[in-house]
Amino acid sequence: MPFEPVILFFLLGLTAGIARSDLKIPGVLYESLSIFLLLAIGLKGGIELARHPVATLLPQALAVLATAAAIPLVAFPLLRRFGGLGRADAASIAAHYGSVSVVTFAVAAAWLAGRGIEAEGHLIVFLVLLEFPALMIGVLLARGAGNGTPWGRVLHEVFAGKSIVLLVGGLLIGWAAGPQGIQPLDRLFIDLFKGVLALFLLEMGLVAAGRLGDLRRAGPFLAGFAIGMPLAAGVLGALTGTLLGLSVGGATLLATLYASASYIAAPAAMRIAVPEANPALSIGAALGITFPFNLLLGVPAYHWLAGSLEGAFR
Amino acid sequence: MSPRTTPCKLLTIICEAQLENDLVDDLQRLHATGYTIADVRGRGACGVRDAAWPPSASIRVEVLCDERTAGNIVDHLERRYYAHYAMVLFLGDVAVLRSGKFTS
């Protein structure tokens, strides 16, 4: 099968949304599913973290953070110069693309697992680390370091937001409890994971269908950016992963992280920090184009890229 | 109108759900004695707000208060949120029992 089966749920939601079906996932279920997914992913990362001494991950983590910071810094001038976007909109979109999508990462991990391709479990730690620096960079690009930025509220929105609370919380619980301690919870958080992911993707398909209208208004440049930027970031991620000595599966996941665009943490943080930015542009591009692109074509492309780089460098 | 009721202002605010925490802080600081919040859906100048996921969720906040407090809240919300956020507010005259509950 060319696609990971859970992706078909996304396509079903997308089709239903475009066909204006009366299918609707209640908002409370969206909240519940996202809480489950974030916590489960955090727990899985914590279990892996318990198997590795944290200090050995530090150099890799610093390298990942440094290279990933290039994504919003490159995206911002591109959006300003070639897209003709205002400072606030360009900074907000750059922040969305610099931050990461947890669900894209989960689908990539499922895609690899479905093909029996091993990947380092501690990539989830990088997922957590890459969630917020780009949001700070986005705020700085929009406002500069000077006054006028409600930094207290921004930091609160980022670090007390549910993404970070649940990912970091799950990570710490998994790390503290270890593989044996988490075993009694496996049936809920590990066995049911893929089914919940499928339901969540059904909902995201419906939501993405609703964002397509925003994109038509945004114009062709942003549509091109929403495909070109993840491809370029994916190359950077695959290269970084390969040079750091990650396996092909690990480099694929890192490339997916770099290529993905946030649509949970970033919209919330940017709405508070840069309210003058038009959320329809950033969410329309991240969710309407980049998210489906990564699910359908990006992940296999990043895997091919990681395999090619592995062959070239080793 | 029952002789036991007292005139009061009902301030209704419909806005992005993400503003809830800030709004609640504002209301308390501006001496509203209470509020009621409900999740709502609808359509307005900012398009369809269908509550399918957090960025498109809206809330309706209702505040019963005296005229001066209502005026202060309206002025503040207009100054702070109107430029960049989806927000509608309207004010009505109502009659309440136990009016002491709604004045600071």
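Q: How many bridges join strand β1 of chain B to β6(B)?

A: This is a predicted model. In chain B, 10 bridges join β1 (residues 6–16) to β6(B), and the two strands run antiparallel. One bridge in this pairing links L11(B) to its partner in β6(B), L91(B).

Q: What is the order of the strands in the open sheet of chain B?

A: The order of four strands is β2-β5-β1-β6, with antiparallel pairing. The edges are formed by β2 (36–40) and β6 (87–96) of chain B, each of which pairs on one side only. On average, neighbouring strands of this sheet are turned by 20° against each other, direction ignored.

Q: Which strands of chain B does helix α1 lie across?

A: Helix α1 (residues 20–29) of chain B lies across β1, β2 and β5 (58–65) of chain B, and runs at about 10° to β5(B).

Q: How many helices and how many strands does the secondary structure of chain A have?

A: Chain A has 16 helices and zero strands.

Q: Why does the radius of gyration of chain A agree with that of a compact globule?

A: The idea is to compare the value with what the chain length would give. For 314 residues a compact globule would have a radius of gyration near 20 Å, and chain A has 18 Å, so the two agree. Along the principal axes, the C-alpha atoms of chain A fill a box of roughly 50 × 45 × 40 Å. Of its 314 residues, 54% count as buried. Among the contacts in chain A with a separation of 6 or more, 88% are between residues 24 or more positions apart.

Q: Which residues touch the most other members of the largest nonpolar core?

A: The general idea is that in soluble globular proteins nonpolar side chains tend to be buried together. Here the largest nonpolar core has 118 residues, and those touching the most other members are L37(A), A94(A), V102(A), L127(A) and A285(A). Helix α16 (residues 279–313) of chain A supplies the largest share of this core, 14 residues. Apart from this core lies another of 18 residues, including L19(B), L23(B), Y81(B) and M87(B).

Q: What does V102(A) touch, not counting residues up to four places away in sequence?

A: V102(A) touches L37(A), L38(A), I41(A), L127(A), S163(A) and I264(A).

Q: Is A251(A) buried or exposed?

A: One counts the other C-beta atoms within 10 Å, and 20 or more make a residue buried. A251(A) has 29 such atoms, so A251(A) is buried. Its place is in helix α14 (residues 248–259) of chain A. Not counting residues up to four places away in sequence, A251(A) touches A238(A), G241(A), T242(A), L246(A), A306(A) and L309(A). The C-alpha atoms of A251(A) and A119(A) are separated by 8.1 Å, although these residues are 132 apart along the chain.

Q: Why does F293(A) count as partly exposed?

A: The count of other C-beta atoms within 10 Å is 19 for F293(A), so this residue is partly exposed. F293(A) belongs to helix α16 of chain A. Leaving aside neighbours within four places in sequence, F293(A) is in contact with I227(A), P230(A) and G298(A). From F293(A) to R271(A), 22 residues apart in sequence, the C-alpha to C-alpha distance is 25 Å.

Q: How many residues does the contact take from chain B and from chain A?

A: The contact takes nine residues from chain B and 12 residues from chain A. On the side of chain B that touches chain A, seven residues are nonpolar, two are polar and none is charged.

Note on methods:
Residues numbered from 1 in each chain as written. Chains lettered and ligands numbered in written order. Predicted model: local features only at pLDDT ≥ 70, side-chain atom pairs only at ≥ 80, totals over all residues. Core = buried A, V, L, I, M, F, W, Y, C linked by C-beta atoms within 7 Å. Buried ≥ 20, exposed ≤ 12 C-beta atoms within 10 Å, placed from the backbone. Contact = placed C-beta atoms within 7 Å. Nonpolar A, V, L, I, M, F, W, Y, C, P; charged D, E, K, R; others polar. Rg over C-alpha atoms; globule rule 2.2 N^0.38 Å. Pairing = 2+ DSSP bridges. Axes fitted to C-alpha atoms, helices over the stretch in contact; angles between N-to-C directions.
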